[in-house]
Amino acid sequence: MRLRHIEIFHAIYTTGSITNAAKILHVSQPSVSKVLSHAELQLGFNLFERVKGRLIPTDEAEMLFDEVDKIYQQMRAIKNTAENIKKSEFGAISLGVTPALGFDAIPNVIADYHQDYPNVTFDIQTLHNDAVLQALLEHKCDLAVLFSPNSMPGISAKTLSQSELVIVYPKEKFPHCPDKLTLGQVCDTEFIDISDSGPLGDMLWARIMEENIAFNAAIKVQTYFIAARLVAHGLGVCVVDRFTAQGNLADNVAIASFDPPLTFNVSAVHLENRSLSKVTDEFLPYLSRVISNS
């Protein structure tokens with residue numbers, strides 16, 4: 001039996017007539033009769049007998065129905081799953097994010113998206129720029145959100161927003177809490193150095209060289225948020241991305257943009273030869289909206 005035979009047989013068996021079967025299947029009565037005749041021809045036996053205007057299942061049909069019903073229910077499950085996928089009510093998003101976005105931005109995005117699509121699951125991991133290509137190639141994530149990613153062969157990048165490097169400083173150092181500072185204005189303050197060979201570190205180093213600034217750095221760390229927390233303990237100033245700065249604010253700490261500003265792109269990247277799933281593609285506007293407002 002073909003799938004269409006199964007669908008017609010099941011409809012006639014459960015409704016008791018070709019007329020009712022045609023109604024629930026939204027097809028004409030002649031087409032139902034034609035498919036039924038073809039199914040019986042293929043099987044080599046009758047499935048129904050006409051008795052007083054009704055179709056009564058034959059003994060052979062009774063024996064066949066249990067197996068047909070199992071397949072029919074599976075067909076309905078496939079149809080329902082396909083509908084859920086179409087409506088983005090089912091699926092999985094595998095996401096790699098730069099650590100700085102984990103403080104507020106990504107949790108806020110997922111909270112917004114999850115409210116609209118509660119059945120979509122997430123797998124989230126933190127990634128640094130130098131590890132993202134391998135993670136995508138190994139399918140550890142389908143989409144990665146990074147700061148100022150370098151152009152990579154086989155990788156498609158979509159700019160979501162712009163952000164900036166900022167100076168995080170103790171308020172006691174600048175009681176008037178300026179919202180803009182130069183490196184020259186903080187160079188006599190203890191500087192918390194961050195070992196960053198990525199694009200943001202290169203951007204800061206270029207500005208340091210441009211302004212010919214020398215810093216006194218007694219503390220050196222590997223992680224942006226640790227530097228921000230050390231500032232909160234009054235141990236100096238640091239330069240981090242705005243996401244990290246805002247995610248680690250303290251009452252005694254303030255944030256200043258560079259003068260002139262040091263900006264960078266926040267981008268979503270994925271493999272060019274692997275299209276994004278429907279749910280991942282529809283997740284992007286949520287991502288862009290929250291990051292743009294962060």
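1. Helices H1 and H2 sit oblique to each other, oblique being any angle left over once under 35 degrees is called roughly parallel, over 145 roughly antiparallel and 65 to 115 roughly perpendicular. H1 covers residues 3–15 and H2 residues 18–25, and their axes come within 8 Å and cross at roughly 120°. An axis here is a line fitted to C-alpha atoms, for helices over the stretch in contact, with angles from 0 to 180 degrees between N-to-C directions. Helices are DSSP runs of H or I with at least four residues, strands are E runs of at least two, and both are numbered from the N terminus.

2. Before you go on, keep in mind that this is a predicted model, where local features need pLDDT of at least 70, side-chain atom pairs count only at pLDDT 80 or more, and totals for chains, interfaces and linings use all residues. Residues are numbered from 1 along each chain as its sequence is written, and side-chain values use heavy atoms, with hydrogens and water left out.

3. On the H1 side, the contact (heavy atoms within 4.5 Å) uses Glu7, Ile8, Ala11, Ile12 and Thr15, and H2 brings Ile18, Asn20, Ala21, Ile24 and Leu25. Sorted by class, that makes seven nonpolar, two polar and one charged.

4. UniProt, in an unreviewed entry, puts "domain: HTH lysR-type" at residues 1–58. In the model, that span is 62% helix and 14% strand, and its end C-alpha atoms are 16 Å apart.

5. Now look at H5 (residues 105–116) and H11 (residues 278–293), whose axes come within 9 Å and cross at roughly 130°. That makes this pair oblique, and H5 passes H11 in a right-handed crossing. H5 contributes residues including Ile106, Val109 and Tyr113, while H11 contributes Phe283, Tyr286 and Leu287, among others. The count by class is ten nonpolar, one polar and three charged.

6. Is Thr244 buried or exposed? Thr244 is buried, at a relative accessible area of 1% (buried means under 20%, exposed over 50%, partly exposed in between, with a 1.4 Å probe and protein chains only). This residue belongs to helix H10, residues 242–247. Leaving aside residues up to four places away in sequence, Thr244 touches Ala100, Phe103, Tyr224 and Phe225.

7. Tyr224 is also one of the buried residues of H9 (residues 224–232), along with Ala227, Ala228, Leu230, Val231 and Ala232. Just after H9, Gly234 has a positive phi of about 75°.

Technical notes:
Ala, Val, Leu, Ile, Met, Phe, Trp, Tyr, Cys and Pro count as nonpolar, Asp, Glu, Lys and Arg as charged, and the others, Gly among them, as polar. UniProt positions are given in the numbering used here, feature names are shortened, and annotations may be inferred rather than shown by experiment. A crossing is left-handed if the near helix is turned anticlockwise from the far one by less than a right angle, and right-handed if clockwise.
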